[in-house]
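Welcome! Take a look at the sequence and the 3D view below, and then we will walk through a few places together.

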Amino acid sequence: MHKNYKLIAETLIVFLLNGLLAIVLFEFVANDLLKWLLYIPLLIFQGLWYYRLYIIGHECAHKKLIPENNTVNDVVGSIALIPLLVPINIYRKIHYFHHGFNRKDPHTSALDTFVITGKFKKLKTVYYYFVWYISVFFGGFFLHSLISVMLFLFVPSKLSSKISPAFKGWQMKDQFIAILLFCIGLLFHYVTFHLLGKQYYLLVLGFPMLSFAWVLSLLVYIFHYDTTIGEEVRYNVRSVRPVPVISWILMNFNEHATHHQHPNIPWYELPSKRKQLPDVYAIKNQQTTNFFVAIFRQLKGPSIHYEN
């Protein structure tokens, strides 16, 4: 069996087992304190596993999970993203823009960089630090992503490219497909709630979505935080060393520098085809190769650029 088909089966089985285990915990563990002490690690794992769904969507957005058939590839990606309420065509548009313009300048695709002009610079600086910490450590990046999805679902397609160049060429049929996929996601959540009831829904989908919001926000920018800014956008990135279990869950996403230099390499070949950054970029970007250090480095805060 091809590695991608094994990946799909593995992801679905673990997804179902996570929900079943959560239900068993709450049904058969009587002590409330013990129940939550056991559930919190599982909840974090559920959040990471939802991130696995997000990365499967990422592979499908690059059209490389089922490369021999784009239609099947997009169907699989859409199914993986249904619990996350993310239409794959919106995901693809935003992600392609990220690859094409990643940290091109302080104004473009640099989530850790804020440009301040005009008066009240100190006050604005404090405000942007607040925004950064909320974005990274309290689920803000997930909320930002959700708002972006909602915006491009319902803004007239002709206005989309004016709001964001990522949506150049976005047509009404694309918007219709995105709305349909989003509604399927809502229906999936509604049916799950209706069939399982409130408590089981929260254990299977509700609480894991909150965990995913935190995990996504914490991890989504560690490979680009405080890296170079400039025209060679494929080098404005870092990789980190693999971490047992986490690298398995995240499908070698730690090999991010290789991915940005060669986006067509499938997830399972990233370690064997590792590509180092040119020295001039590695000096700045590879100051750490530790996964956890890369997370905590974000505590330094954003980069502030002052312009007249």
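A polar atom in the side chain of Ser239 sits 3.2 Å from the backbone nitrogen of His256. That is a polar contact (a pair of N or O atoms within 3.5 Å; within protein, one must be able to donate a hydrogen and the other to accept it, and residues adjacent in sequence count only if both atoms are side-chain atoms). This is a predicted model, where local features need pLDDT of at least 70 and side-chain atom pairs count only at pLDDT 80 or more, while totals for chains, interfaces and linings use all residues. Residues are numbered from 1 along each chain as its sequence is written, and side-chain values use heavy atoms, leaving out hydrogens and water.

**Confidence**

- The protein chain has a mean pLDDT of 94, and 100% of its residues reach 70 or more; pLDDT is the predictor's confidence in each residue, from 0 to 100.
- Helices here are DSSP runs (H or I, at least four residues), numbered from the N terminus.

**Around Ser239**

- Look for Ser239 in the loop between helix 8 (172–219) and helix 9 (246–249).
- Ser239 counts as buried because its relative accessible area is 12%; buried means under 20% (1.4 Å probe, protein chains only).
- Leaving out residues up to four places away in sequence, Ser239 touches several residues, including Asn254, Glu255, His256 and Gln286. Contact means heavy atoms within 4.5 Å.

**Around Asn285**

- Asn285 belongs to helix 11 (residues 279–285) and is buried, at 0% relative accessibility.
- A polar atom of the Asn285 side chain lies 2.8 Å from the backbone oxygen of Tyr235.
- Beyond neighbours within four places in sequence, the contacts of Asn285 include Thr227, Thr228, Tyr235 and Leu277.

**Helix 3 and its surroundings**

- At the start of helix 3, a side-chain oxygen of Asn69 comes within 3.1 Å of the backbone nitrogen of Thr71.
- Asn73, Val76, Gly77, Ser78, Ala80 and Leu81 are buried in helix 3, and their cover includes helix 1 (3–28), helix 2 (32–61), helix 4 (88–101) and helix 8.

**Where helix 4 meets helix 8**

- Ile88, Asn89 and Ile90 of helix 4 meet Asp174, Ile177, Ala178 and Leu181 of helix 8.

How values were computed. Helices (H or I, at least four residues) and strands (E, at least two) are DSSP runs, numbered from the N terminus. Buried means under 20% relative accessible area, exposed over 50%, partly exposed in between (1.4 Å probe, protein chains only).
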